[in-house]
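Dear colleague,

Please find the structure below, together with the sequence. My findings follow directly after it.

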Amino acid sequence: DELLISDAGTLKRIDYSLISNRPAFEAHLSSSQTLTDETLTKIQFDNEIFDTDNAYDNSTNYRFTPQVSGKYFVYGDINVDPAGTSQLIHAHIDIYKNGSAIRMHEVNFNTNYARRFNVSITQAIDMNGSSDYLEIFAYGNDTSGNPSLNTTAPRNNLFGAYRIGS
């Protein structure tokens, strides 16, 4: 597909493939996932909302491997729910690239424990297009046991990415 535009009276063609935000995907948890207290855990986003190029593995590794080089806008959101009412001390969400943490967003309630909390993260990330992959990890510290990722609200635990440029 092409788009014709006028530049001072001269028609120019733009190839849509050069401005595409593909590959892109979004996935969420289909059911709650328990986190081991005070342990970083890979999140198993198993329900794909969309996956334009079959680049997200929603059944084995739970990772995005785009196979197209460029910059990607990556986002994630988790809803950490402690085992007991108002017992959440600390939580964070991490973006991992090729097995290493590259970004973390955390909340720490110190002595004012929370009932439940959404933690979100975003980042623009360069991907090589052949072997780079992304994953989401979560951490929860709960005074009453093992926290979980709550799925009572629709799509409140999600992971997604899309290409924003070369």
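Tyr162 is partly exposed, because its relative accessible area is 30%; in this scheme buried means under 20% relative accessible area, exposed over 50%, and partly exposed in between, with a 1.4 Å probe and protein chains only. The model is a predicted one, in which local features need pLDDT of at least 70 and side-chain atom pairs count only at pLDDT 80 or more, whereas totals for chains, interfaces and linings use all residues. Residues are numbered from 1 along each chain as its sequence is written, and side-chain values use heavy atoms, with hydrogens and water left out.

Aromatic rings

The structure holds 10 aromatic pairs. Rings of Phe, Tyr and Trp (its six-membered ring) pair if their centres lie within 6.5 Å; planes under 30 degrees apart count as stacked, over 60 as edge-to-face and the rest as tilted. The pair of Phe73 and Tyr162 is tilted, because the planes of the two rings stand at 40 degrees, with 5.5 Å between the centres. This pair links distant parts of the chain, 89 residues apart: Phe73 belongs to strand β7 (residues 70-81) and Tyr162 to strand β13 (residues 158-165). Strands (E, at least two residues) are DSSP runs, numbered from the N terminus. Phe73 is partly exposed, at a relative accessible area of 26%. Ring pairs also join Phe25, Phe45, Tyr56, Phe64, Tyr72 and Phe159 into a cluster.

At Tyr133, the charged end of Arg63 sits over the ring, 3.7 Å from the ring centre. The criterion is that NZ of Lys or CZ of Arg is within 6 Å of the ring centre and within 35 degrees of the ring normal.

Four strands form an open sheet in the order β5-β11-β8-β9, with antiparallel pairing. Two strands pair if DSSP finds at least two bridges between them. The edge strands, β5 (41-42) and β9 (100-108), each pair on one side only. Between the antiparallel strands β8 and β9 there are 8 bridges, and His90 has Asn108 in β9 as its bridge partner.

Tyr96 lies in strand β8 (residues 88-97) and is buried, with a relative accessible area of 14%. Leaving aside residues up to four places away in sequence, Tyr96 touches Leu40, Ala101, Tyr133, Leu134, Glu135 and Phe137, where contact means heavy atoms within 4.5 Å. The C-alpha atoms of Tyr96 and Lys42 are 9.5 Å apart, although 54 residues separate the two along the chain.

With kind regards
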